[in-house]
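Please consult the sequence and the structure shown below while reading.

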Amino acid sequence: PTVVETLTRGRSLGKLATGVRVVRDDGGPVRLRHALVRALVGVGELWFTAGSLAIISAAVNRRGKRLGDLLAGTYAVRVRDGARAEPPLIMPPELAHWARTADIRALPDGLGLAARRFLARTGTMSPAPRARLGTDLAARVEPYVSPPAPWGTHPERFLAAVLVARRDREYESGLRSQARQNEDRDRLRALPHEIPEG
C-alpha cells in the first residue's frame, strides 16, 4: 500500500474504483512518509480491530479521518471522474490598478496553491464554509501583499486579484527570460568558431 499510494499520489486501485484520493492536510499529494504512516497504523486499526477503530475515528472527525490519517496529516477526498479544467481566474476590474503596483513576490507557493484550489471549488461549497475559508485564506495571504487591498475588498476578489497578478508577472518574467536566452544564443552563433592566428 505504501508504494502504490506514493507512486499514484494517493490513489490505490480501490480508491481509483471508488473515486477517492488521499491528500495532505494542505491539499497537496501524499509522499512516502505519509503513505508509510498510514500503512503502518492501518495494520493495527484496520486488520487487528476489523476496522472498528477506523470507523469510530472517522465518525468523530469532521473530515472523516481515521487514526492513520490523523498521524500522517492526510485525509481522503472524493475526486470527480473525468477531471474538468479549472475555470480561469479573471482580474476583478476594481482591483486591477491596485494589483499592478502591489508587491506579492513573497507569497509562498503552497499558500498560492491553496487559494487557487479554493477559488476553483467555490461554486460547490455551502455559503457558510465558503465565507469562513475565504476569509481565512485572505487573512493568511494578506501579510505577503503590500500595500494591502482597498478597505472592504471581498476576500474572494482579493485572492483572485493576487493570483492573477502573480500569474501574469510570472508569465511576463518567463517571456523576458526566453527573449534573453534567444539573444544570447544568437550572439553565440555570431561569434567566430576559430581563434585567428596572430
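This is a predicted model: local features need pLDDT of at least 70, side-chain atom pairs count only at pLDDT 80 or more; totals for chains, interfaces and linings use all residues.

## Order of elements

## Overall dimensions and burial

The chain has a radius of gyration of 23 Å, whereas a compact globule of 198 residues would have one near 16 Å. Along the principal axes, the C-alpha atoms occupy a box of roughly 85 × 60 × 30 Å.

Of the 198 residues in the chain, 32% are buried. Among contacts in the chain with a separation of 6 or more, 66% are between residues 24 or more positions apart.

## Packing of helices H7 and H8

Two packed helices are described by the angle between their axes and the distance between the axes. For helix H7 (residues 109–120) and helix H8 (residues 127–141), the axes come within 11 Å and cross at roughly 155 degrees. Because angles over 145 degrees count as roughly antiparallel, H7 is roughly antiparallel to H8. The crossing of these two helices, H7 and H8, is left-handed.

On the H7 side, the contact is made by Leu111, Ala114, Ala115 and Phe118. Helix H8 contributes Arg130, Leu133, Gly134, Leu137, Arg140 and Val141. Sorted by class, the residues in the contact of H7 with H8 comprise 7 nonpolar, 1 polar and 2 charged.

Methods. Residues are numbered from 1 along each chain as its sequence is written. Side-chain values use heavy atoms; hydrogens and water are left out. Axes are lines fitted to C-alpha atoms, for helices over the stretch in contact, and angles run from 0 to 180 degrees between N-to-C directions. Helices (H or I, at least four residues) and strands (E, at least two) are DSSP runs, numbered from the N terminus. Angles under 35 degrees count as roughly parallel, over 145 as roughly antiparallel, 65 to 115 as roughly perpendicular and the rest as oblique. A crossing is left-handed if the near helix is turned anticlockwise from the far one by less than a right angle, and right-handed if clockwise. Contact means heavy atoms within 4.5 Å. Ala, Val, Leu, Ile, Met, Phe, Trp, Tyr, Cys and Pro count as nonpolar, Asp, Glu, Lys and Arg as charged, and the others, Gly among them, as polar. The radius of gyration is taken over C-alpha atoms; the globule rule is 2.2 Å times the number of residues to the power 0.38. Buried means under 20% relative accessible area, exposed over 50%, partly exposed in between (1.4 Å probe, protein chains only).
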